Amino acid sequence: MHKFFIRSFVSSLVLLFTFTVAAIAKDVKAAFVYIGPTGDHGWTYQHDVGRKAVEAAGFKTTYVEGVPESADAERVLRQLANSGHDVIFTTSFGYMNPTNKVAKEFPNVKFEHATGYKREHPNVSTYAARFYEGRTILGTIAGTMTKSNVIGYVASFPIPEVIRGINSFTLAAQKVNPNIKTKIVWAFTWYDPGKEAEAAKALIDQGADVIAQHTDSTAIVQIAEKAGVYAFGQASDMDKFAPKAVLTSVENNWGPYYVDRVKAVANGTWSQKDTWHGIGDGMVVISDLDSQMPADLRSKVKKLQADLASGKVHSFTGPIYDQKGNLMVAEGKTADDGMLAGMMTYVKGVEGDIPK
Amino acid sequence: MIKIVKRDQPSRAIFFFTPVLAIFLTLVAGGLIFFILGFKPFEALKFFFIVPIADKYGFSELLLKATPLCLIAIGLSFCFKSNNWNIGAEGQLTFGAIVSGGVALLFYEQEGFYILPTVILAGAIGGMLYASIPAILKTYFNTNEILVSLMLVYVSKLILDYLVVGPWSNPEGFNFPETRQFSDSAKLPLLFEGLRIHAGIFLALAAVVISWFVFYKTYLGFQMKVSGFSLKTARYAGYKGKKMIILVFLISGACAGLAGVGEITGPIGQLHREISPDYGFTAIIVAFLGRLHPVGIIFASLVVAITYLGAETAQIFMQIPKYTGQVFQGMILFFLLASDYLLFFKIKFIGSKK
């Protein structure tokens with residue numbers, strides 16, 4: 001009898017505890033600030049897919065789309081912090097200073113800033129994805145599929161993130177085809193279908209028969225479809241926009257990270273972090289491989305994907321030379337994260353200069 | 001039976017009544033849109049127009065938002081009153097911000113009472129320089145100022161892009177497209193602790209007072225008015241048209257440049273690619289909604305400013321798409337232009353008589 005009471009007492013305590021934890025967990029509210037519309041099928045779209053994953057995990061979410069990086073960002077952030085949100089994801093580089101500014105005023109709210117480098121207060125974390133790993137896969141495919149040996153690349157801004165992508169893409173393409181050249185057109189925009197389309201046309205006119213992109217709209221793959229050349233989807237699976245042109249896409253998969261971080265807030269285990277996840281952690285995902293690719297290429301890509309995930313292969317393995325022939329990474333070595341974060345020189349095989 | 005009759009003279013009462021009518025019609029149409037989208041119209045309108053300014057912080061944000069709109073619209077009213085169609089205030093804002101930002105960067109980590117006035121003056125001069133291009137081309141080469149001023153907007157944005165990506169980018173900033181943060185000595189002082197409203201609002205208020213004085217108390221104001229009604233009359237009266245064209249463009253450019261200064265030395269504190277969410281274009285709506293009258297422009301800038309804030313609040317609390325803010329701005333202009341019909345025509349209800 002005595003034992004029975006203790007047992008039921010303990011089990012009801014456990015039960016109560018579980019319910020309370022669950023109730024607390026469900027109370028956590030997450031907010032997302034987007035640079036573009038949720039329907040852009042690129043950068044913002046994928047962040048919103050991540051937000052939906054947080055909703056599916058049982059948390060309440062709020063989002064504000066089309067927030068310019070002007071003086072308005074700060075007001076939106078403050079309003080979100082003021083209206084009962086426990087964690088706020090700011091999903092564009094330009095929100096870096098407003099995020100840190102507002103974080104100072106709201107020490108109890110957690111802030112997560114994508115692609116930035118400033119963590120001025122203990123409640124600010126940063127996160128980014130190793131998209132260059134995905135570009136190693138694209139480079140391998142491009143180097144194999146090109147017939148003209150000219151590969152076009154529409155780039156956004158000359159920042160390390162983009163230069164790194166160009167380099168890892170070119171290195172991988174050279175590995176399978178030493179004769180290729182990568183031609184770059186700088187669009188100086190992340191999202192402008194008109195400008196991106198012009199850039200893609202210019203590259204096709206210069207003989208490129210595979211087009212890669214580091215901008216977010218679907219304009220480039222659609223131009224490629226019309227011109228009968230190959231292309232790769234950016235940020236989301238763009239196959240449905242250009243079924244013949246798109247060989248595969250590199251998808252930004254933020255969901256697992258978002259769910260993880262919101263749960264950490266709910267459990268009280270959240271702490272400041274600088275996250276840089278790649279294929280291995282599932283933040284970078286390669287879409288289905290198109291059947292136009294030969295079977296041996298497809299199996300090669302699958303293996304490369306697995307090796308990048310396990311760390312057996314690194315995108316930047318020496319010997320790597322810059323355009324002038326200077327050694328950047330020695331044979332047998334790999335580039336460390338510090339070098340990757342500050343990468344501002346092209347590797348050999350990339351045509352042109354980085355705009356200054 | 002309804003009959004439409006042309007008025008002998010545009011009605012003055014209607015002239016000031018139509019903006020109010022336009023706002024009212026916008027609210028009705030907005031409520032209808034919310035209803036069609038499946039939101040409760042009154043609740044949505046409350047989140048749009050009342051909640052954002054219900055507290056002290058919200059009210060200061062309203063003034064912060066209205067300041068550049070008011071300043072630019074005052075400048076534009078000089079042009080529009082005298083039949084000069086300056087559509088490029090956004091470019092003048094951007095170029096003013098570039099010049100003043102450049103000066104602010106020159107004084108990086110320096111102290112001195114003279115720094116801020118220099119930075120402000122540089123912005124006004126930048127705006128004037130940029131506005132003088134369409135003005136000179138119009139007066140001496142007969143070009144169309146609408147096209148020239150509009151095209152120059154894109155040029156100014158490209159210049160800004162070039163500077164923040166290249167020579168002026170923050171040396172410690174990993175090449176991201178932004179400059180250093182300005183030192184405090186180059187920033188407009190905040191008026192209240194914890195609020196973002198800054199001393200730039202006094203520039204806007206000064207512009208309002210000066211413009212009122214010029215419009216209604218000076219010979220120049222009279223000349224502008226006459227040129228606005230009829231260029232031929234102005235020429236016949238012997239007014240020096242070219243001088244006036246250049247002058248109104250310079251005033252307009254200075255105001256837009258100062259609005260740019262207010263943004264970069266106020267809430268932003270640095271130069272980057274997006275210093276203005278198209279204030280220069282929205283201010284055109286403000287100028288017309290305010291009937292090109294200084295006091296009217298104050299009210300109009302507050303009304304339009306709230307559409308920006310309301311759109312954010314409505315999305316946060318009701319998940320209404322934020323782009324409804326732009327729909328509201330568009331509707332205000334649309335209804336204003338439509339109700340201007342009443343200025344020149346009146347509707348008569350005539351009972352059928354035998």
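Angles between helices run from 0 to 180 degrees between N-to-C directions, with axes fitted to C-alpha atoms over the stretch in contact. This report applies that convention to a predicted model.

**Helix packing in chain B**

Helix α4 (residues 89-106) of chain B packs on helix α10 (residues 241-268) of chain B at an angle of about 55°, and their axes are 7 Å apart. That angle makes α4(B) oblique to α10(B). The crossing in which α4(B) passes α10(B) is right-handed. On the α4(B) side, the residues that meet α10(B) include B:Ala89, B:Leu93, B:Phe95, B:Gly96, B:Gly101 and B:Ala104. Their counterparts in α10(B) include B:Gly253, B:Ala256, B:Gly257, B:Gly260, B:Glu263 and B:Ile264. By class, this contact of α4(B) with α10(B) has 10 nonpolar residues, 10 polar residues and one charged residue.

**A strand pair in chain B**

Strand β1 (residues 2-6) of chain B has five residues, of which the number buried is zero, so this strand lies largely in the open. Five bridges pair β1(B) with strand β2 (residues 345-349) of chain B in the antiparallel sense. Within this pair, B:Ile4 stands opposite B:Ile347 in β2(B).

**The sheet of chain A**

In chain A, six strands form an open sheet in the order β2-β1-β3-β4-β5-β11, and the pairing is parallel. The edges are taken by β2 and β11 (274-277) of chain A; each has a single partner strand, so one side of each is left without a neighbour in the sheet. From one strand to the next, the twist averages 20°. Inside the sheet, strand β3 (residues 87-90) of chain A runs parallel to strand β4 (residues 110-114) of chain A, and four bridges join them. A:Val87 stands opposite A:Lys110 in β4(A).

| Helix | Strands of chain A it lies across | Angle |
|---|---|---|
| α2(A), residues 43-56 | β1 (29-33) and β2 | about 160° to β2(A) |
| α3(A) | β1, β2 and β3 | about 160° to β3(A) |

**The contact between chains A and B**

The contact takes 27 residues from chain A and 21 residues from chain B. On the side of chain A that touches chain B, β2 (60-64) and α3 (72-82) of chain A each supply at least two residues. The largest share of that side, six residues, comes from α3(A). The residues of the side of chain A that touches chain B comprise 14 nonpolar, seven polar and six charged.

Terms used:
Residues numbered from 1 in each chain as written. Chains lettered and ligands numbered in written order. Predicted model: local features only at pLDDT ≥ 70, side-chain atom pairs only at ≥ 80, totals over all residues. Parallel < 35°, antiparallel > 145°, perpendicular 65-115°, else oblique. Left-handed = near helix turned anticlockwise from the far one by under 90°. Contact = placed C-beta atoms within 7 Å. Nonpolar A, V, L, I, M, F, W, Y, C, P; charged D, E, K, R; others polar. Buried ≥ 20, exposed ≤ 12 C-beta atoms within 10 Å, placed from the backbone. Pairing = 2+ DSSP bridges.
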